[in-house]
Amino acid sequence: MITIYHFPNTRGLRAIWTCEELNVPYKIELIDFSPEYRFSPEFLKISPIGKVPVLQDDSITMSESGAMVHYLIDRYGEGKLRPETGHSLYPTYLEWSWFAEATFTSSASEIIRHKRAFPENINVEVITEFKRRSTFCLEALMNFLGKKKWLLGDKFSGADIMMGVGLTTYARHVAKPFPSMIQKYFDRLSARPAFVRTKQAES
Ligand SMILES: N[C@@H](CCC(=O)N[C@@H](CS)C(=O)NCC(=O)O)C(=O)O
């Protein structure tokens, strides 16, 4: 049985949502998100830098949400949620999966990290700069998405799961409401039954 160590409204949603899309059984372990627990020897054994999510599947332990999404799809997807390696959309699938975490979500996360690290000394210029970077990413997403339903066109994929959770971070920490075309994309994502089950499962 897959175990996902998670804290509500964080990147563990990506792994949970992927399991839900693929009907793969899993259980959620909600962790104590305090620094005391996350940096305890017990938690550092499974998460080397004290972050969530963590996924365990038999002897496998992973602590990068994007790697979890790709692992679950490759191992359990039976061809769903991704193009074949040789398909012309495969590079796009990789590109937007990585962009979603490494470039987009991580810009928004700098805001959270700054506020958490310097609660008494929040630097408005730092916040403004990372909001600017995040919004620049959102514009790149808008330009790429255009009239497409999903990032790969007609087919929903793991890249949309990566991006969908990044958008929840953007809405919570950068700006709301979304521009209307992003809102429509987000509405499509959040109307997916697997997304609805994901939100129910984590609460
Ligand atoms: N790139 C990692 C980022 C993990 C991450 O930053 N997780 C956040 C919650 S979404 C966390 O645990 N933050 C605590 C901290 O930064 O100390 C991933 O995609 O899993």
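Visitor: Which element gives the most to the lining of the largest pocket?
Guide: α5 does, with five residues. Helices are DSSP runs of H or I of at least four residues, strands are E runs of at least two, and both are numbered from the N terminus. The model is predicted: local features need pLDDT of at least 70 and side-chain atom pairs count only at pLDDT 80 or more, while totals for chains, interfaces and linings use all residues. Residues are numbered from 1 along each chain as its sequence is written, and side-chain values use heavy atoms, leaving out hydrogens and water.

Visitor: What is the volume of the largest pocket, and how many residues line it?
Guide: Its volume is about 690 Å³ (the space filled by probe spheres set on grid points joined across faces, edges and corners). A pocket is an open set of points on a 1 Å grid over the protein atoms alone, where a 1.4 Å probe fits, with protein on both sides within 12 Å along at least five of seven lines; lining residues have an atom within 4 Å of a point. The lining has 25 residues, with Arg-11, Phe-33, Val-52, Ser-109 and Arg-116 nearest the centre. Two or more residues come from each of α5 (90-117) and α7 (158-173).

Visitor: Why is the largest pocket said to lie between domain 1 and domain 2?
Guide: Domain 1 (2-81 + 197-202) and domain 2 (90-192) both give residues to its lining, so the largest pocket lies between them. The domain bounds come from an automatic or database assignment.

Visitor: What lines the second largest pocket?
Guide: This pocket holds about 240 Å³ of space. Its lining has 16 residues, and Gly-79, Leu-81, Arg-82, Lys-155 and Phe-156 are the closest to the centre. Domain 1 and domain 2 each supply at least three residues to that lining.

Visitor: Why does Ala-191 count as exposed?
Guide: Its relative accessibility is 54%, and exposed means over 50% (1.4 Å probe, protein chains only); Ala-191 therefore counts as exposed. Ala-191 sits in the loop between α8 (180-190) and α9 (193-202).

Note on methods. Buried < 20%, exposed > 50% of the residue type's maximum accessible area, 1.4 Å probe, protein only.
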